[in-house]
Amino acid sequence: MDFTAEHKLINILKGSHIADIDRKCIDSGMDSKLLMKNAGTKISDFISSHFGSGVETEGPFVIDDIDLKKYPLSQTGKNNVFGTIVCGGGNNGGDGFLCAINLLKQNYIVYLFCLAPSQNLKPGCFFFFYLLKKNKDEDKVNNFNIIFFF
């Protein structure tokens, strides 16, 4: 299945261009966690729009609109949709950890593979890893398994 053709998507930027944009944003003073929060939330919004979430979407977002509390923890039961997220230790890993947080709050069943030891995660990536681990440790989510693979 050609997802790009099926959804009439076009490639606008190469990955290397995105990296340049990220670097320029960070160099100009933007917090890398804000970029990760934007990317991770957009990914979870996309998944929710295709598989359902039980949470009404709030429409298109700009970077200032995104809030970690968008998806409340008060939902009960499981969504019965399984997903696997693979995260490295860089900033893209932070995107994945935040995506996992949002999907867990929507009761998705998430398996997460972490390809780096937590002590080797970049600071922004570790921030979202820590939030995810904290939710798991406080038993706020029970539909989650994390596997370290390095």
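Some ground rules come with the structure. This is a predicted model, so local features need pLDDT of at least 70 and side-chain atom pairs count only at pLDDT 80 or more, while totals for chains, interfaces and linings use all residues. Residues are numbered from 1 along each chain as its sequence is written, and side-chain values use heavy atoms, with hydrogens and water left out.

Let's start with the overall layout. The protein chain has 5 helices and 3 strands, taken as DSSP runs numbered from the N terminus (helices are H or I with at least four residues, strands are E with at least two). Walk along from the N terminus and the elements run α-α-α-β-α-β-α-β. Of the 150 residues in the protein chain, 35% are buried, where buried means under 20% relative accessible area, exposed means over 50%, and partly exposed is in between (1.4 Å probe, protein chains only). As for contacts (heavy atoms within 4.5 Å), take those in the protein chain with a separation of 6 or more: residues 24 or more positions apart account for 80% of them.

Now for the salt bridges. One sits in helix H2 (residues 15-27), where Asp 20 and Arg 23 lie 3 residues apart, about one turn of the helix. Their closest N and O atoms are 2.3 Å apart. Asp 20 has 32% relative accessibility and counts as partly exposed; Arg 23 is partly exposed too, at 45%. The other salt bridge pairs Lys 33 with Asp 31, at 3.4 Å from N to O. Here Lys 33 is partly exposed with a relative accessible area of 27%, and Asp 31 is partly exposed at 39%.

Lys 33 also leads us into helix packing, as one of the H3 residues that meet H5. The axes of H3 (residues 32-51) and H5 (residues 123-137) come within 9 Å and cross at roughly 55 degrees. Axes here are lines fitted to C-alpha atoms, for helices over the stretch in contact, and angles run from 0 to 180 degrees between N-to-C directions. Angles under 35 degrees count as roughly parallel, over 145 as roughly antiparallel, 65 to 115 as roughly perpendicular and the rest as oblique, so H3 and H5 are oblique to each other. On the H3 side the contact involves Ser 32, Lys 33, Met 36 and Lys 37, which meet Gly 124, Cys 125, Phe 127 and Phe 128 in H5. By class, that contact has 4 nonpolar, 2 polar and 2 charged residues. Ala, Val, Leu, Ile, Met, Phe, Trp, Tyr, Cys and Pro count as nonpolar, Asp, Glu, Lys and Arg as charged, and the others, Gly among them, as polar.

H3 has another partner in H4 (residues 91-105): their axes come within 7 Å and cross at roughly 50 degrees, so this pair is oblique as well. Residues of H3 in this contact include Leu 35, Ala 39, Ile 43 and Ile 47, and those of H4 include Asp 95, Leu 98 and Leu 103. The contact of H3 with H4 divides into 8 nonpolar, 8 polar and 2 charged residues.

Most residues other than glycine have a negative phi. Phi of Asn 107, though, is positive, near 70 degrees. Asn 107 counts as buried, at 10% relative accessibility.

Conventions
Salt bridge = Lys/Arg side-chain N within 4 Å of Asp/Glu carboxyl O.
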